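These are my notebook entries from a reading of one chain, written down in the order in which I looked things up.

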Amino acid sequence: FTKQEQTDIFSTASAILHASNITFVEQQEKSTTHPCLSCNSSFSSVAALLGVEKNKLSNALCTSSIVVAGNTIIKTLSCEQAVKANESMIKSLYDALFSFLVNRINQSISGCFLGGGSDTTTAKINVL
């Protein structure tokens with residue numbers, strides 16, 4: 001792995017861990033943009049580790065948008081829905097990181113093992 005790949009792997013893994021600590025709390029005051037998001041240090045860390053702006057991350061976690069007849073409708077999610085969106089983001093990040101690692105390891109070890117004669121065996125890792 002290159003230094004940049006290592007940095008990206010550690011940043012993504014750290015973002016996954018921090019994302020599990022993001023809290024969503026029902027706010028009494030409904031004038032806030034995202035009434036459920038409790039902007040703790042984990043939220044700021046996730047945004048920084050993923051290289052995204054905090055307001056874009058909060059929009060991704062706390063709103064849902066659909067396009068109907070050319071008009072975009074943005075709906076604020078409930079706290080329960082925001083928790084589900086966060087869990088979905090964590091799962092997607094973990095899946096992407098794990099797939100990257102498996103593929104990158106397979107690339108690095110492919111062709112390293114040669115069978116007898118003209119038969120070439122490709123080494124790879126298999127994960128259930």
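I began with Asn86 and set aside its neighbours within four places in sequence, which left Ala19, Ile22, Phe24 and Leu61 as the residues in contact with Asn86. I noted that the model is a predicted one, and that Asn86 belongs to helix H4. Is Asn86 buried or exposed? I found a relative accessible area of 5% for Asn86, and because buried means under 20%, Asn86 counts as buried.

I then stepped back to the whole chain and recorded four helices and four strands, which follow one another along the sequence in the pattern α-β-β-α-α-β-β-α. I looked up how much of the chain is covered, and found that 27% of its 128 residues count as buried. For the accessible surface I wrote down about 8700 Å², with 56% of that belonging to carbon and sulfur atoms. Turning to contacts between residues at least 6 apart in sequence, I noted that 47% of them join residues at least 24 apart.

Which residues of H4 are buried? I listed Cys79, Ala82, Asn86, Met89, Ile90, Leu93, Leu97, Val102, Arg104 and Asn106. I then asked what these buried residues pack against, and found helix H1 (3-19), strand E1 (23-24), helix H2 (41-50) and helix H3 (54-62).

I searched for salt bridges and found that the structure holds one. Its partners are the side chains of Glu5 and Arg104, which meet at 3.0 Å, N to O. The pair links distant parts of the chain, with Glu5 in helix H1 and Arg104 in helix H4, 99 residues apart. I also looked up the accessibility of the two partners, and noted that both Glu5 and Arg104 are buried.

Why are Tyr94 and Phe98 separated by about one helical turn? I put this down to their places in helix H4, because they are four residues apart there. For Phe98 I recorded a relative accessibility of 34%, which means that Phe98 counts as partly exposed.

I looked at Phe10 in helix H1 and found a relative accessible area of 57%, so Phe10 is exposed. I also took the distance from Phe10 to Leu97, and although the two are 87 residues apart along the chain, their C-alpha atoms are separated by 9.9 Å.

In helix H2 I looked up Ala47, which is buried with a relative accessible area of 2%. With the neighbours within four places in sequence left aside, the contacts of Ala47 are Val52, Lys54 and Leu57. For one of these, Leu57, I noted a C-alpha separation from Ala47 of 6.6 Å, the two being ten residues apart along the chain.

I ended with the loop between strand E3 (63-68) and E4, where I found Ala69. Its phi is near 50°, a positive value in a residue other than glycine, and at 78% relative accessible area Ala69 is exposed. In strand E4 I looked up Thr76, which counts as partly exposed at 40% relative accessibility. Together with Ile66 and Val68, Ile73 forms a nonpolar patch on the surface, and the accessible area of the three together is about 260 Å².

How values were computed:
Residues are numbered from 1 along each chain as its sequence is written. This is a predicted model: local features need pLDDT of at least 70, side-chain atom pairs count only at pLDDT 80 or more; totals for chains, interfaces and linings use all residues. Side-chain values use heavy atoms; hydrogens and water are left out. Patches are made of residues with over 30% relative accessible area and no salt bridge: like charges are joined within 9 Å, nonpolar side chains (Val, Leu, Ile, Met, Phe, Trp, Tyr) within 5 Å. Accessible areas come from the Shrake-Rupley method with a 1.4 Å probe; for residues, only the protein chains shown count as cover. A salt bridge is a side-chain nitrogen of Lys or Arg within 4 Å of a carboxyl oxygen of Asp or Glu. Buried means under 20% relative accessible area, exposed over 50%, partly exposed in between (1.4 Å probe, protein chains only). Helices (H or I, at least four residues) and strands (E, at least two) are DSSP runs, numbered from the N terminus. Contact means heavy atoms within 4.5 Å.
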